Amino acid sequence: MPSERRGSMITLTPRDRLALGVAGACFLIILVIEQFSPANVVGAYGYVLPILLVTTLRNRTVMLVTVLACVAATYSGLLQPTKPGRFQAAVINRSVVVGVLLLVAYLGVSWEERKAREEAARAALAQETESLLKANTQLVQAKDQLNRSERLAAVGQLVASVAHEVGTPLHSIAWHVQALEEEPGVTPDMKKRIAIIDEQLTRVVNIIQDLLSSTRQRQPTPHWLVVQDVVGPAATLMEPAFHAKGISLTVQMPLGLPLIWADQEKMHQVLVNILANALAATPLGGSVTISAAARDATVEEQERGATVADRMPPLVLTLAVQDTGCGMPEADTQKAFEPFFTTKAIGKGTGLGLFLSRETVLAHGGSLALTSEIGRGTSVIITLPAIQTDRAHPMEDV
Ligand SMILES: Nc1ncnc2c1ncn2[C@@H]1O[C@H](COP(=O)(O)OP(=O)(O)OP(=O)(O)O)[C@@H](O)[C@H]1O
Ligand SMILES: [Mg+2]
């Protein structure tokens, strides 16, 4: 690992230190040898060794110092006594050695710099590949999401067309059944049977109308509402089911809560969905709590709220539905809001409850989030735009 330069600081790795130590030792040995063989220029070529070792440090300052020391040491050989008339030849010989040393230093530095550039390019390529892989994963996820949405739209269209096609002949059957009841020769026994047919037909017609209205989702039309007017009816509707399963359902509403920006019917449906999930996940003796609190809106919440709520105030109301149920594994909490994600048995759940609830809350300019811990329970938190008024609402238990 070559040394790194941070400003004027030089960080040396253990390998650099070893190379520097060996280079220093070589330098000293050659200097001593030169003392014992005066005017023998062959020893001075040995300075190539410390220069080559120092190139591996990839540090220009260290290289400059080394080359200067080696050049000075080479010329210092001239201080040794020479044979008469040989001084000029000694100067030329030592200058040739210095030339070789400078050439080696130049070639060494260029070689190492090229290697460093190649390593940097390889690292940049690896980083680029990693970010490309990440982008690819995101793309695959987005495609999955698109496929699911397309599936959802296709299912919706299918349901709507089947409901429409089946609805027309059903209306005509219902009309004929009613006409049959008014026929003069109808016996009381036949009347009873006709009434049963009529009743069951009405049920089928109602189911079809429900299906048609659910596939043609209407957009919420929110108003500023009292929180309790939204939470109360949902809790009252679900309470008997909680009671029957031996689970306590508590509503905690502090005083002086702000009004919320909500479509009463739509938010009622959202709460019923969330309470139904909590009911299914919580065992006998468990508890489910609905609590509300107001806080300042974050910048992001204000921006989101301003797109739908008139006069978006800087407040939000959080409604938390907390259960002491089975909780969810981390992987499921990520997928819980995806359409058709369900862990329930076939026929027990469609996997659309949380998906549709989130769509509804988002259409209110709010948000829906979920935290869960296996074995400890789940909290579903609804955030809605809120506005402060002087109307107070007492703490209430269902
Ligand atoms: N309170 C909760 N505790 C534990 N798991 C939950 C809770 N709420 C949701 N889940 C998990 O998230 C899944 C998706 O919930 P979602 O409401 O979207 O669909 P569902 O309840 O399975 O079906 P549907 O609501 O259509 O009847 C559930 O199947 C369940 O595994
Ligand atoms: Mg559900």
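**Exercise 1. Determine which helices each supply at least two residues of the shell around ligand 1.**

Solution. Helix 7 (264-281) and helix 10 (353-363) each supply at least two residues of this shell. Helices are DSSP runs of H or I with at least four residues, strands are runs of E with at least two, and both are numbered from the N terminus. The model is predicted: local features need pLDDT of at least 70, side-chain atom pairs count only at pLDDT 80 or more, and totals for chains, interfaces and linings use all residues. Residues are numbered from 1 along each chain as its sequence is written, while chains are lettered from A and ligands numbered from 1 in the order in which they are written.

Helix 7 gives the largest share of the shell around ligand 1, 4 residues. Among the 23 residues around ligand 1, those that come nearest are Asn-277, Ala-281, Thr-342, Gly-349 and Gly-353; a residue is near if its C-beta atom, placed from the backbone, lies within 6 Å of the molecule.

Finally, the classes: the shell around ligand 1 holds 9 nonpolar, 11 polar and 3 charged residues. Here Ala, Val, Leu, Ile, Met, Phe, Trp, Tyr, Cys and Pro count as nonpolar, Asp, Glu, Lys and Arg as charged, and the others, Gly among them, as polar.

**Exercise 2. Describe how helix 2 and helix 3 are arranged.**

Solution. Two packed helices are described by the angle between their axes and the distance between the axes. The axes of helix 2 (residues 48-55) and helix 3 (residues 60-76) come within 10 Å and cross at roughly 180°. Helix 2 is therefore roughly antiparallel to helix 3, a label for angles over 145 degrees.

The contact (C-beta atoms, placed from the backbone, within 7 Å) is formed by Pro-50, Ile-51, Val-54 and Thr-55 of helix 2 together with Val-62, Met-63, Thr-66, Val-67 and Cys-70 of helix 3. By class, the contact of helix 2 with helix 3 has 7 nonpolar, 2 polar and no charged residues.

**Exercise 3. Classify Ala-293 as buried, partly exposed or exposed.**

Solution. Ala-293 lies in strand 6 (residues 287-296). A residue is buried if 20 or more other C-beta atoms, placed from the backbone, lie within 10 Å of its own, exposed if 12 or fewer, and partly exposed in between. Because Ala-293 has 13 C-beta neighbours inside 10 Å, Ala-293 counts as partly exposed. Leaving aside residues up to four places away in sequence, Ala-293 touches Pro-254 and Thr-318.

How values were computed:
Axes are lines fitted to C-alpha atoms, for helices over the stretch in contact, and angles run from 0 to 180 degrees between N-to-C directions. Angles under 35 degrees count as roughly parallel, over 145 as roughly antiparallel, 65 to 115 as roughly perpendicular and the rest as oblique. Two residues are in contact if their C-beta atoms, placed from the backbone, lie within 7 Å.
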